[in-house]
Amino acid sequence: MTTASQAMIETRQLKQEVPSREGQLVILKGIDMRIERGESVAIVGASGSGKSTLLGMLAGLDRPSSGEVWLGGREITALDEEQRALLRGELVGFVFQNFQLLPSLTALENVMLPLEVKGVADAETKARAWLKRVGLDDRETHYPLQLSGGEQQRVAVARAFASDAPILFADEPTGNLDTRTGETIADLLFELNRASDTTLILVTHDPKLAARCSRQLEMKAGELFEGVSA
C-alpha cells in the first residue's frame, strides 16, 4: 500500500465547514487527492466552488475542519501555526493574482526577502540571477509601482522560484493581466517549472492555461473530480 510520504501532496478526507445563518456551510466535502513529485496540476471550477479554499488548505495557510494534508511526507494539519510557517518556508513558493510584492522594496529586494528569511548566504547574487532569467535584470532598482503588471508578475515568479521550493502554488497567476502578457507569463511559468522540476498546483479560470498542465481537476460544490467537464 502506498503512503503519504511517497506523494509530494496528499489529502485525506479533507473537510471545511463554516457557520452561516442557515447553519453549517460545507465548503469542502471530504477531498481525497494525491499529487506526485514533478506533476503540474490545474484546479478549475466556478467561483464559490471551493478551489481557493482548497489551495489555502494545501499550502497550510488555513486549517480544515477535519481531515489531513501531507506536504513532502509531513502532515501539516498536525502542526501548529509556527511549525506550518516553517514548513511552508522550506517547501512552498507562491505566485498570486495580485502579485503580493512589497511596495517599499525594489524588485531585487522583493526577490531577496524570502531568501534572507531562510538565511541564504548569497541571497543578492541569487536574486539577481533570477531577475535576469525572467528578463528583468534592468529593473532591479525599480519599485513595484514603477513596473507594469506583467513586470510585477515576473518579479513574483522570480521570487517564487528563487527559494528552490519543491512545491509551487499559483493562484490565478494571469488573472490581472491582458491576454498577451498573460500568455507570456504562462510561458515563463511552465518553462521555469520544467527546468526546476517543481510540483506545480495552479488555480485558474482559464481553460487554455489549465490545459497546459499534465492533469486537470475540477471543483464542483465542494467536491473534486478528475478531468474537466465540457
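In this predicted model, Ala170 sits opposite Leu202 of strand E8.

The next point is the nonpolar packing. The largest nonpolar core counts 38 residues, and Leu131 and Val155 make the most contacts inside it. Strands E3 (40-44), E7 (167-171) and E8 (199-203) each give two or more residues to this core, as do helices H3 (107-117), H4 (123-133), H5 (149-162), H6 (179-196) and H7 (207-211). Which of these elements supplies the largest share? That would be H5, with seven residues. In general terms, nonpolar side chains in soluble globular proteins tend to be buried together.

Leaving aside residues up to four places away in sequence, Leu131 touches Ala107, Leu108 and Val111, then Leu136, Asp137 and Glu140, and finally Val155 and Ala158. Val155, then, is both a contact of Leu131 and one of the two residues with the most contacts inside the core. Apart from this core lies another one, made of 29 residues, including Ile9, Met57, Leu87 and Leu217.

Zooming out, the protein chain has seven helices and ten strands. Its radius of gyration comes to 18 Å, close to the 17 Å that the globule rule gives for 230 residues, so the chain is as compact as a globular protein of that length. Along the principal axes, the C-alpha atoms fill a box of roughly 50 × 40 × 40 Å. Of the 230 residues, 48% count as buried. The protein chain exposes about 11,300 Å², with carbon and sulfur atoms supplying 49% of that area. As for how the chain touches itself, among contacts with a separation of 6 or more, 67% are between residues 24 or more positions apart.

Key. Residues numbered from 1 in each chain as written. Predicted model: local features only at pLDDT ≥ 70, side-chain atom pairs only at ≥ 80, totals over all residues. Heavy atoms only, no water. Core = buried A, V, L, I, M, F, W, Y, C linked by side-chain atoms within 4.5 Å. Buried < 20%, exposed > 50% of the residue type's maximum accessible area, 1.4 Å probe, protein only. Helix = DSSP H or I, 4+ residues; strand = E, 2+ residues; numbered from the N terminus. Contact = heavy atoms within 4.5 Å. Pairing = 2+ DSSP bridges. Rg over C-alpha atoms; globule rule 2.2 N^0.38 Å. Areas by Shrake-Rupley, 256 points an atom, 1.4 Å probe, with all protein chains shown as cover.
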